[in-house]
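Subject: Structure handover

Hi,

Here is the structure I promised to pass on.

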Amino acid sequence: MNGRRRPFATLLALLLLACAAGCSGTEAGDGPEGDESGGAAPTASGAPSGAPSGAPRSAGKHWQPRPGTRWQWQLDGTVDTSAGVPVYDIDGFENTARTVKELHDRGAKVICYVNAGAWEDFRPDRKAFPERLLGERNKGWKGEKWLDIRRLDVLRPIMAARFEMCREKGFDAVEPDLTEGYRNRTGFPLSASDQLAFNRMLAGLAHERGMAIGLKNDLDQIPALVGDFDFAVNEQCAEFEECEKLTPFVKDGKAVFHVEYALERKDFCPTAQRLGLSSMRKKLELDAWREPCG
């Protein structure tokens with residue numbers, strides 16, 4: 001499982017899941033209720049909803065969503081700000097501070113999606129990555145190449161600039177994608193220790209800017225990283241029978257934002273609700289359509 005979703009998904013991938021995802025998108029209920037601040041833990045103190053875009057936050061004080069917090073994940077198309085959930089996860093490059101403010105004005109917290117583990121040829125900062133850091137193509141995702149995450153000295157300022165972009169637009173948190181490159185064919189001899197060091201660097205960069213950060217997939221390293229991250233984002237743990245591995249986040253009072261693509265809700269919602277996950281069914285392209293559990 002690659003753990004990679006973004007706009008411009010390949011036509012082949014969409015066709016393969018067309019039958020599984022195929023119904024129209026009406027919201028059937030939102031499961032456990034989150035509060036108007038996006039399920040923030042009482043001890044967290046991120047920027048208030050509706051704060052001006054780019055408003056500074058104090059380092060070390062950031063939002064932390066609670067288990068069961070409802071959410072929307074939309075990386076494709078114009079963001080539908082009317083889903084009525086307390087948390088939105090949207091593309092950091094493709095959305096403006098105005099969109100973030102609109103969501104804040106509706107009482108929502110907003111997560112900034114960025115790719116951390118692979119280079120993308122369509123991003124505006126693509127030339128900031130030295131050629132020597134680019135490895136094998138990320139299979140199935142046009143225009144992407146894996147990064148040599150061992151080079152923290154080179155990647156730190158690039159990722160810092162991306163996270164600063166998120167902060168300046170007013171985002172409350174970051175979702176860095178492809179944080180389990182060591183389990184893939186990247187073209188580099190990456191180890192589990194390399195991945196831990198890279199992921200912890202990302203967590204530090206977010207927290208230094210007063211933002212929360214989510215661990216994307218990387219299930220095997222959750223026991224080592226649950227203390228560094230404020231929530232988890234997972235794809236297809238039910239399909240691959242791995243959802244139990246996410247329970248350290250729930251036990252620590254941190255939300256697990258989870259989606260399935262191929263399974264019907266009846267096939268994963270009972271387990272997801274038992275474990276305290278914030279789960280929904282989505283189409284592979286991650287447009288506005290959603291079918292939450294509950």
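Is C243 buried or exposed? C243 is buried, with a relative accessible area of 7%. Buried here means under 20% relative accessible area, exposed means over 50%, and partly exposed lies in between, using a 1.4 Å probe and protein chains only.

Some ground rules before the rest. This is a predicted model, where local features need pLDDT of at least 70, side-chain atom pairs count only at pLDDT 80 or more, and totals for chains, interfaces and linings use all residues. Residues are numbered from 1 along each chain as its sequence is written, and side-chain values use heavy atoms, with hydrogens and water left out.

The structure holds three disulfides. A disulfide is a covalent bond between the sulfur atoms of two cysteines. The cut-off used: a pair of cysteine sulfur atoms within 2.5 Å. With bonded cysteines counted along the chain, the pattern is 1-2, 3-4, 5-6.

C112 to C166

These two cysteines are joined with an S to S distance of 2.1 Å. The link of C112 and C166 is left-handed, at -55° about the S-S bond. What does the pair tie together? C112 sits in strand 3 (residues 109-115) and C166 in helix 3 (residues 152-168), so the link ties parts that are 54 residues apart in sequence. Helices (H or I, at least four residues) and strands (E, at least two) are DSSP runs, numbered from the N terminus. C112 counts as buried, at 0% relative accessibility. C166 is buried too, with a relative accessible area of 0%.

C237 to C243

This is the disulfide of the opening question. The sulfur atoms of C237 and C243 lie 2.0 Å apart. Their link is right-handed, with 85° about the S-S bond. C237 counts as buried, at 0% relative accessibility.

C269 to C293

Here the S to S distance is 2.0 Å. The link of C269 and C293 is left-handed, with -80° about the S-S bond. Distant parts of the chain are linked by this pair: C269 is in helix 7 (residues 265-275), and C293 is in the segment after strand 12 (291-292), 24 residues apart. C269 counts as buried at 7% relative accessibility. C293 counts as buried at 5%.

Over to you.

Best wishes
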